[in-house]
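Here is a short report on one protein structure. Please look over the sequence and the model before reading on.

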Amino acid sequence: MPTAGWWEALWPEPAKVLAAVGLKPGMEVVDLCSGDGWFTLQIAKVARHVVAIDIDPALLEVARLRLAENRATNCDFVAGDAYDLAKLVKEPSDMVFMANAFHGVPDRRRLAQAVASVLRPGGLFAIVNWHERPREETTILGEPRGPKTELRIGPEVTKAAVEPAGLKLIHLVEVPPYHYGAVFEKTR
């Protein structure tokens, strides 16, 4: 995980990022690969309920504390593998949100199928990814940040991995300074 202050410098207004990718009041949301809860807290302020899922229980504990400090009570925290979403999520979801992680997924099609299995018809899979720019050009707090250049994937690669799961790309949004948001809708 990034050092303290990194998320704040990268995305000082996470609520705007979430609104741009389709978060709306009253939604049931999964924050997949939620990490320390930087986006989870903002999701909880808008959604009816959020399930924060991460493979790292220590990061989930940081997220739990972040939400508790802000008196957010509409969140469940689940440690588990993203491929096992159907076992981890009890209710159908209106949105699965994933930031800064899709590039590192070994089997992206398998993950997209797992996401599709927990979405309601018309549900959204919102992926925030680093643009395909050299890492040296994506500085945060004066240092190159993000995944290695060769791991970064563009919207077309993301689309090719996700659409076979029955999720149709409905729009792309710019997420300054270095990201794009790809929003897919469950069609079947």
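The model is predicted.

| Pocket | Volume | Lining residues | Nonpolar | Polar | Charged |
|---|---|---|---|---|---|
| Largest pocket | About 660 Å³ | 36 residues | 23 nonpolar residues | seven polar residues | six charged residues |
| Second largest pocket | About 190 Å³ | 14 residues | seven nonpolar residues | two polar residues | five charged residues |

Start with the largest pocket. C33, D54, A99, N100 and A101 are the lining residues nearest its centre. Several elements build its lining. Helix 1 (6-10), helix 3 (38-46), strand 1, strand 2 (49-54) and strand 4 (93-99) give at least two residues each. Strand 4 provides the largest share of this lining, with three residues.

Now the second largest pocket. Nearest its centre lie H49, V51, D76, K90 and E91. Its lining takes at least two residues from each of strand 1, strand 2 and strand 3 (75-79). Here the largest share, three residues, comes from strand 1. Strand 1 and strand 2 also supply at least two residues each to the lining of the largest pocket.

**Aromatic rings**

How many aromatic pairs does the structure hold? There are seven aromatic pairs. One of them joins W7 and W11. This pair is stacked, with 5.6 Å from centre to centre and 10° between the planes. W7 and W11 are both buried.

These two tryptophans belong to a cluster. Ring pairs link W7 and W11 with W6, F39, F97, W130 and Y178.

Another ring has a charged neighbour. R110 lies over the face of Y83, at 3.9 Å from the ring centre.

**A buried glutamate**

E28 sits in strand 1, which spans residues 28-32. Is E28 buried or exposed? E28 counts as buried, because its relative accessibility is 9% and the cut-off for buried is under 20%.

Which residues does E28 touch, leaving aside neighbours within four places in sequence? E28 is in contact with R48, H49, P92, S93, D94, M95 and R120. H49 in this list is also among the residues nearest the centre of the second largest pocket.

Definitions and conventions. Residues are numbered from 1 along each chain as its sequence is written. This is a predicted model: local features need pLDDT of at least 70, side-chain atom pairs count only at pLDDT 80 or more; totals for chains, interfaces and linings use all residues. Side-chain values use heavy atoms; hydrogens and water are left out. Rings of Phe, Tyr and Trp (its six-membered ring) pair if their centres lie within 6.5 Å; planes under 30 degrees apart count as stacked, over 60 as edge-to-face and the rest as tilted. Buried means under 20% relative accessible area, exposed over 50%, partly exposed in between (1.4 Å probe, protein chains only). A charge sits over a ring if NZ of Lys or CZ of Arg is within 6 Å of the ring centre and within 35 degrees of the ring normal. Helices (H or I, at least four residues) and strands (E, at least two) are DSSP runs, numbered from the N terminus. Contact means heavy atoms within 4.5 Å. On a 1 Å grid over the protein atoms alone, a cavity is a set of points where a 1.4 Å probe fits but cannot get out, and a pocket is an open set with protein on both sides within 12 Å along at least five of seven lines; lining residues have an atom within 4 Å of a point. Grid points are joined across faces, edges and corners, and a volume is the space filled by probe spheres set on the points. Ala, Val, Leu, Ile, Met, Phe, Trp, Tyr, Cys and Pro count as nonpolar, Asp, Glu, Lys and Arg as charged, and the others, Gly among them, as polar.
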